[in-house]
Amino acid sequence: MSMKRNVGSRGASLGGGEGPGKVERQQLFDDLKKRSESGAVFTPVDVALAVGAAEPQVARALIGLGAEGVLERVDVGKYKATPMSDVDIGEFIKVFARASKMDSTRMRDISEIERLKKNNDVMRGRLLRAQAERDHYLAALQKNNIDPGPLPETPALAAIGADAPTPGQA
């Protein structure tokens, strides 16, 4: 006697049917169009609640649409639909199909690119702050007629190049 179980009926009884697992293209398109008109920032949870789909599938779709340029990624997990204003349903279906076919390698690459962009923004901010502090202290020295003197010769500065202007020359 075989003890096989019908996986389909078991999954359906546990709520594993296809209803919430699939993102309906037309509903997603309509919701994103409305959000593009308002210009508000939204999360995958907001869209999932509006279209009646599961949040992981909506999040995956939004990441793909963001990578395709249909959505604007504002922050980690937050989007703006402003580029959606000039996208029609035919073009959206093509982009959605491309975004849905993203494999795990591409998804990992996209998330890595986003992480690197964020890291780049943080480092750029730190560099701009350090330059502003340097300019502030240099101006304070020059205001009091104090010569900061030449830059010290270090291997790091020599590697950058001797052609670079010193802070007093900038």
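Student: What pattern does the protein follow along the sequence?
Tutor: Read along the sequence, the pattern is α-α-α-α-β-β-α-α-α. The protein has 7 helices and 2 strands, where helices (H or I, at least four residues) and strands (E, at least two) are DSSP runs numbered from the N terminus.

Student: What sort of model is it, and how are residues numbered?
Tutor: This is a predicted model, in which local features need pLDDT of at least 70, side-chain atom pairs count only at pLDDT 80 or more, and totals for chains, interfaces and linings use all residues. Residues are numbered from 1 along each chain as its sequence is written, and side-chain values use heavy atoms, with hydrogens and water left out.

Student: What percentage of the residues count as buried?
Tutor: Of the 170 residues of the protein, 20% count as buried. Buried means under 20% relative accessible area, exposed means over 50%, and partly exposed lies in between (1.4 Å probe, protein chains only).

Student: And the contacts, what percentage join residues at least 24 apart?
Tutor: The figure is 61%, taken among contacts between residues at least 6 apart in sequence. Contact means heavy atoms within 4.5 Å.

Student: Let us turn to helix packing. How do helix 4 and helix 5 cross?
Tutor: The axes of helix 4 and helix 5 (residues 89-100) come within 8 Å and cross at roughly 115 degrees. That makes helix 4 roughly perpendicular to helix 5. Axes are lines fitted to C-alpha atoms, for helices over the stretch in contact, and angles run from 0 to 180 degrees between N-to-C directions. Angles under 35 degrees count as roughly parallel, over 145 as roughly antiparallel, 65 to 115 as roughly perpendicular and the rest as oblique.

Student: Is that crossing left-handed or right-handed?
Tutor: The crossing of helix 4 and helix 5 is right-handed. A crossing is right-handed if the near helix is turned clockwise from the far one by less than a right angle, and left-handed if anticlockwise.

Student: Which residues meet there?
Tutor: From helix 4, Ala61, Gly64, Leu65 and Glu68 meet Phe92, Val95, Phe96, Arg98 and Ala99 in helix 5. The residues of this contact divide into 6 nonpolar, 1 polar and 2 charged. Here Ala, Val, Leu, Ile, Met, Phe, Trp, Tyr, Cys and Pro count as nonpolar, Asp, Glu, Lys and Arg as charged, and the others, Gly among them, as polar.

Student: What about helix 4 and helix 6?
Tutor: The axes of helix 4 (residues 55-68) and helix 6 (residues 104-143) come within 11 Å and cross at roughly 70 degrees. Helix 4 and helix 6 are therefore roughly perpendicular to each other, and helix 4 passes helix 6 in a left-handed crossing. The contact involves Arg60, Ile63, Ala67 and Glu68 of helix 4, together with Arg106, Met107 and Ile110 of helix 6. By class, these residues are 4 nonpolar, no polar and 3 charged.

Student: Glu68 has come up again. What else does it touch, and how accessible is it?
Tutor: Leaving aside neighbours within four places in sequence, Glu68 is in contact with Val95, Arg98, Ala99 and Arg106. Glu68 is partly exposed, with a relative accessible area of 23%. Its C-alpha atom is separated by 8.7 Å from that of Phe96, 28 residues apart along the chain.

Student: New topic: how many salt bridges?
Tutor: The structure holds 5 salt bridges. A salt bridge is a side-chain nitrogen of Lys or Arg within 4 Å of a carboxyl oxygen of Asp or Glu. One of them joins Arg35 and Asp31, with the closest N and O atoms 2.7 Å apart.

Student: Are Arg35 and Asp31 buried or exposed?
Tutor: Both Arg35 and Asp31 are buried. Being 4 residues apart in helix 2 (residues 25-38), they are separated by about one helical turn. Beyond its neighbours within four places in sequence, Asp31 is in contact with Val47, Ala50 and Val51.

Student: Which side chain does Arg129 meet in a salt bridge?
Tutor: Arg129 meets Glu133 (3.4 Å, N to O). Arg129 counts as exposed at 58% relative accessibility, whereas Glu133 counts as partly exposed at 36%.

Student: Finally, where does Phe29 lie?
Tutor: Phe29 lies in helix 2 and counts as buried at 8% relative accessibility. Leaving aside its neighbours within four places in sequence, Phe29 is in contact with Met84, Val87, Asp88, Ile89 and Phe92.
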